[in-house]
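Please walk through the structure shown here, beginning with a sheet and moving on to the nonpolar cores.

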Amino acid sequence: MNTVTSQAIEDAVAILASSPSMLAKIAGFVHEGRDGPVVEWAKVAELAHQQALPRTDRAFLGICAEIGGFVAGGFGGVGSIRHGILKDPGNISRIQVLTLEREPRLIELMGADIQKVHHAYGTNGIITEMDVRLAPAEDWRHMIALFDSYEAALRFGMAACRPDLPLRLLSTVERRFAPYYTQYQGRFDDTHDAVFALCAAHGLADFEALVRQFGGRISMSMTDAQVLAAGLLPAYECAYNHTTLMALKMDRSWTYIQLSYPQPFDLPLALALIDEYGAEILWHHEFSMAGGGYGVFAIRSEEHTSELQ
């Protein structure tokens, strides 16, 4: 085994906070690619799924190569309905950064100082280490609930923001997005507005009862394995900025603008904005914890028609 490949394996082991036995287990998943050593993370993840790796190793699989970039430029996303946005206390407890000064320094940030590099739009330096909070694994179900109006979907979302409902994702998506969600024909079309959610299996009964209470119906409830077998995208690919990405696959003129509402969420204000802009904007709203309370964000999509716009 050459030195470069060996170093790639050592890096992978470090990223995964692994036990000594990890090196032998993942050695076969590192090979020479066109631009250097490549780690086949999908195969490593499958090994973890088979419980061939220790629990402490499995914790970071699937996010190890991306978490630094997300913290550097991200804000929130899947899981925020349960754990808050990234800047909320406890989500990130320590970051180590290599500065980009003429004489680089290795700096360790904790507490409020973490915000100096979190979501800093490329001025972060190089994040070399971080400590993030983990949560127990859950049997998540990918859900779509359909409603007769977008207002009903929003009202359901507001009611679902409660700590006893075990959610990882809660997103309302208006029906005009349906033509871009081609994989979900029969589960989401332009006759209904939708809520995409991830709900733990032990909370399904409460989730479904709440959907019925607001006049909706469930059009999809699948495990990870069922989603994969059906050739569908996971529910989280239909939320946050990924909603605009779905539209961009078919029409490159789309862009988005993020909107944060005052807390508590003012539904009449949100509906007034929807009415004012009519067909100009496609709407979807994300429900999240932020600053210790529930909040709502809109990552609305609109067509980019000119530089003046």
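In what order do the 3 strands of the open sheet lie, and is their pairing parallel or antiparallel? This is a predicted model, and in it the order is S4-S3-S5, with antiparallel pairing. Strands of a sheet pair through backbone hydrogen bonds, in either a parallel or an antiparallel sense. The edges of this sheet are formed by strand S4 (106–110) and strand S5 (126–132), each of which pairs on one side only. On average, neighbouring strands are turned by 15° against each other, with direction ignored.

The pairing of S4 with strand S3 (residues 92–98) is antiparallel and runs over 5 bridges. To locate this pairing in the model, find Ile95, which stands opposite Leu109 in S4.

The next topic is the nonpolar cores. The largest of them holds 33 residues, and the members that touch the most others are Phe156, Leu170 and Phe207. Seven elements can be followed in turn as giving two or more residues each: strand S6 (140–147), helix H7 (150–160), strand S7 (167–173), strand S8 (193–200), helix H8 (204–213), helix H11 (267–277) and strand S13 (293–303). With 6 residues, H7 gives the most to this core.

Which residues does Phe156 contact, once its neighbours within four places in sequence are left aside? They are Phe147, Leu170, Val195, Phe207, Leu210, Val211 and Phe214. Two of these, Leu170 and Phe207, are themselves among the core members with the most contacts to other members.

Conventions: Residues numbered from 1 in each chain as written. Predicted model: local features only at pLDDT ≥ 70, side-chain atom pairs only at ≥ 80, totals over all residues. Heavy atoms only, no water. Core = buried A, V, L, I, M, F, W, Y, C linked by side-chain atoms within 4.5 Å. Buried < 20%, exposed > 50% of the residue type's maximum accessible area, 1.4 Å probe, protein only. Helix = DSSP H or I, 4+ residues; strand = E, 2+ residues; numbered from the N terminus. Contact = heavy atoms within 4.5 Å. Pairing = 2+ DSSP bridges. Axes fitted to C-alpha atoms, helices over the stretch in contact; angles between N-to-C directions.
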